[in-house]
Amino acid sequence: MTAYPHLMTPLDLGHVRLPNRVVMGSMHTGLEDKASDIPRLAAYFAERARGGVGLMITGGYAPNLRGWLYPMAGKMTTRREARRHRQITDAVHREGGRIALQILHAGRYAYHPLSVSASRIKAPINPFRPWSLSQRRIRSTIADFARAARLAREAGYDGVEVMGSEGYLLNQFLAPRTNRRTDEWGGSPENRRRLPVEVVRAIREAVGPDFVVVYRLSMVDLVEDGQTWEETVALAQAVEAAGASLINTGIGWHEARVPTIVTSVPRAAFASITGRLKRQAGLAIPVVASNRINMPDVAESILARGDADAVSMARPMLADPEWVAKAAAGRADEINTCIACNQACLDHTFAKKEATCLVNPRAARETLLTLAPTRHTLRIAVVGAGPAGLSAATALAQRGHDVDLFEAEAEIGGQFGLARRIPGKEEFAETIRYYARLIETAGVKLHLSHRATLEELLTGDYRHVVVATGVVPRVPSIPGIEHPMVMTYAECVRGERTLGRRVAVIGAGGIGVDVSEFLTNRTSPALDLRLWQEEWGVEPEVVHRGGLNAPRVEPSPHAVTLLQRKTTSIGRGLGRTTGWVHRAALRAKGVEQVKGVNYERIDDAGLHISFGGKRENPRVVEVDSIVVCAGQESVRDLVADLEAAGVPTHVIGGADVAAELDAKRAIDQGTRLAASL
Ligand code: FAD
Ligand code: NAP
Ligand code: SF4
């Protein structure tokens with residue numbers, strides 16, 4: 001018996017049977033490009049195969065040089081390259097898994113001057129203007145896709161995925177937005193879909209019948225002049241007829257101004273579109289849903305509703321390689337849930353850094369960061385149960401140490417417990433739930449509502465003390481800061497103080513922006529799909545080309561002014577893949593953004609500010625409440641005395657350094673310390 005009967009039902013693809021309905025979607029980790037990284041990539045996939053994923057898909061490999069995402073990116077063009085992949089496929093097969101190679105031609109998203117597309121139209125997110133493919137080159141590109149698939153087969157892969165969505169080359173041929181051709185590859189819908197269909201047909205001919213060919217299909221483009229719904233349905237039917245064995249879902253082009261995977265997107269927000277395709281296209285082959293599916297109950301309900309035959313999850317498999325095994329064993333509460341923050345995966349990829357995971361720093365570093373069982377159990381105290389202390393305490397206990405975890409508050413989580421109260425950040429509660437359960441299973445002795453004192457740490461016979469006491473909000477020295485209308489972000493978010501209608505937010509870092517979201521949303525769009533669709537202008541059913549509507553934003557309950565001293569644009573330090581979503585949301589809610597200010601004083605009239613070194617243009621921001629989000633300061637009161645007493649003391653997280661602290665650093669530092677003791 002399983003709690004997830006649909007999810008755990010095998011899926012028969014004819015020549016291959018997947019043991020369950022979970023597909024690990026393609027993720028670029030940064031380990032794809034160098035031959036020397038292949039052993040790490042093999043270990044990464046092997047760990048996920050061991051965890052029971054039905055079918056895994058690699059990051060994208062280009063079929064030719066013009067299709068490279070950037071120079072020296074991974075490609076599958078020669079037998080030599082294919083041979084290297086044997087390490088990956090052998091490692092996966094040894095663990096009983098199955099793996100397909102994704103073939104990705106970047107088209108006009110390629111970051112080099114030789115990029116190509118259907119027409120010579122530059123993408124708004126790329127400085128390089130593509131060349132229009134000649135008819136001869138279109139034919140050779142089809143042959144290159146087929147060659148890549150044949151080589152993937154030689155390399156031991158169980159299949160390939162043809163990347164046909166997210167605005168890459170094949171998607172560019174499909175949409176009038178980027179295809180202005182007048183030859184047989186443009187114009188009518190049939191001509192526009194000729195390239196993807198011919199690619200699938202050529203691949204099927206090259207690999208034979210007993211090989212998985214997944215086509216990643218853009219269910220909705222979310223850009224102007226994208227495809228119509230009828231074109232999408234006809235494309236699905238055509239790729240099936242051309243030989244695809246599975247249709248996977250892609251949502252939105254990379255240049256779309258609608259978020260599709262960040263944490264504020266409701267769970268499974270796009271699954272019903274996949275369901276509509278499945279019902280209307282009359283396909284015999286299975287269809288896979290994707291985007292913001294992260295827990296077994298979400299996946300199960302998609303399958304139970306008949307919206308898809310399988311679900312694809314990429315980031316959740318970074319977060320927890322044992323996701324499937326835990327779900328199958330009825331241990332969903334032990335899953336380390338992907339909170340869709342993008343901070344250590346996609347933000348790293350865009351910064352050309354190796355991807356890993358905020359909640360699982362071992363992701364893609366399986367061979368570098370190991371939590372081996374200890375040979376000598378030590379008695380260790382961890383002070384503070386924020387992200388840093390939680391990761392250290394649980395990883396130490398998993399290794400076999402005897403751990404006391406002290407937390408001054410009545411619940412674990414530290415500042416992360418505030419993050420989960422922000423509308424659109426509800427997922428952050430999952431990390432706290434995960435650690436709460438891991439504390440039980442790993443045997444950490446948790447002491448809540450217990451502020452650890454120096455005396456008990458000195459007399460407790462501890463071999464090591466880990467100080468993870470975190471941070472407290474900084475109170476800036478502005479005249480009048482003690483005025484009753486002023487509160488810290490912690491008091492505001494915890495609901496401890498009454499807020500007036502007009503609110504000034506001092507400090508526009510990550511927390512200032514989050515607090516502004518808190519102030520401007522009566523209900524969380526992340527928990528209300530209809531509201532979210534309205535606010536971002538997403539059609540529940542694709543009616544117009546691209547599936548876009550005019551956004552309708554619910555008015556903010558507060559008039560918010562967000563201020564910072566820097567003259568740079570507000571929200572500049574936010575994540576690459578998430579910052580634009582916050583900035584767009586605040587603009588839509590009418591938040592006034594004021595930069596380059598001096599804070600002069602606070603009094604009954606409001607917040608007095610001026611601008612520039614000469615303190616010019618004085619202004620009173622007339623408000624009823626002021627929320628201070630001016631950074632944090634470390635809590636280190638125990639450190640000096642512990643060190644003076646000769647106790648081996650380790651300071652991690654915000655207690656170590658408050659500047660530029662985030663949960664990624666806190667969890668990583670805690671885990672690394674635990675691996676080293
Ligand atoms: P803390 O979280 O401050 O935890 C320290 C803990 O120690 C506290 O629980 C405290 O009660 C306890 N403690 C202190 N002294 C003692 C003592 N003597 N005895 C016992 N216990 C003690 N980060 C991100 O990465 N991404 C985000 O999107 C994000 N959003 C955020 C949104 C908001 C609104 C806030 C407030 C923070 C956000 N953060 C985010 C920041 C993140 O929460 C912090 O970086 C992280 O919590 C720091 O972890 P820490 O363990 O070092 O410290
Ligand atoms: P932060 O990003 O460092 O921002 C602090 C803000 O306070 C800045 O805008 C700063 O801007 C202002 N400030 C600093 N000292 C001040 C002073 N003395 N008087 C007035 N203003 C002052 O820190 P944070 O917003 O507190 O966030 C803490 C950490 O949590 C961040 O490092 C962030 O990574 C993490 N976080 C991340 C996210 C996310 O979405 N990824 C969200 C929330 C939090 P000026 O100096 O220009 O005024
Ligand atoms: Fe998910 Fe964040 Fe981890 Fe990326 S870094 S896999 S979004 S939890």
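Let's begin at ligand 3, which has around it Arg315, Leu318, Cys338, Ile339, Ala340, Cys341, Asn342, Ala344, Cys345, Cys357 and Leu358. Keep in mind as you look that this is a predicted model. If you sort that shell by class, you will find nine nonpolar residues, one polar residue and one charged residue. Arg315 belongs to the charged class and Asn342 to the polar class. And where does ligand 3 sit? Its place is in the largest cavity.

Now let's move on to ligand 1. Here the shell holds 36 residues, and those that come nearest are Gln343, Glu407, Lys425, Gly654 and Ala663. By class, 19 residues of this shell are nonpolar, 10 are polar and seven are charged.

The backbone takes part here too. At Ala388, a backbone N or O atom lies 3.0 Å from an oxygen atom of ligand 1. Pro387 also has a backbone N or O atom by an oxygen atom of ligand 1, at 3.3 Å, and for Phe416 the distance from such a backbone atom to an oxygen atom of the ligand is 3.3 Å as well.

How much of ligand 1 does the protein cover? On its own, ligand 1 has 1000 Å² of accessible area, and the protein covers 93% of that.

To find your way around this shell, look for the elements that each give two or more residues to it: helix H14 (387-398), helix H15 (416-419), helix H19 (510-520) and helix H23 (663-676).

Conventions. Residues are numbered from 1 along each chain as its sequence is written. Chains are lettered from A and ligands numbered from 1 in the order in which they are written. This is a predicted model: local features need pLDDT of at least 70, side-chain atom pairs count only at pLDDT 80 or more; totals for chains, interfaces and linings use all residues. Side-chain values use heavy atoms; hydrogens and water are left out. A residue is near a molecule or strand if one of its heavy atoms lies within 4 Å of it. On a 1 Å grid over the protein atoms alone, a cavity is a set of points where a 1.4 Å probe fits but cannot get out, and a pocket is an open set with protein on both sides within 12 Å along at least five of seven lines; lining residues have an atom within 4 Å of a point. A molecule sits in a cavity or pocket if more than half of its atoms lie within 2 Å of its grid points. A polar contact is a pair of N or O atoms within 3.5 Å; within protein, one must be able to donate a hydrogen and the other to accept it, and residues adjacent in sequence count only if both atoms are side-chain atoms. Accessible areas come from the Shrake-Rupley method with a 1.4 Å probe; for residues, only the protein chains shown count as cover. Helices (H or I, at least four residues) and strands (E, at least two) are DSSP runs, numbered from the N terminus.
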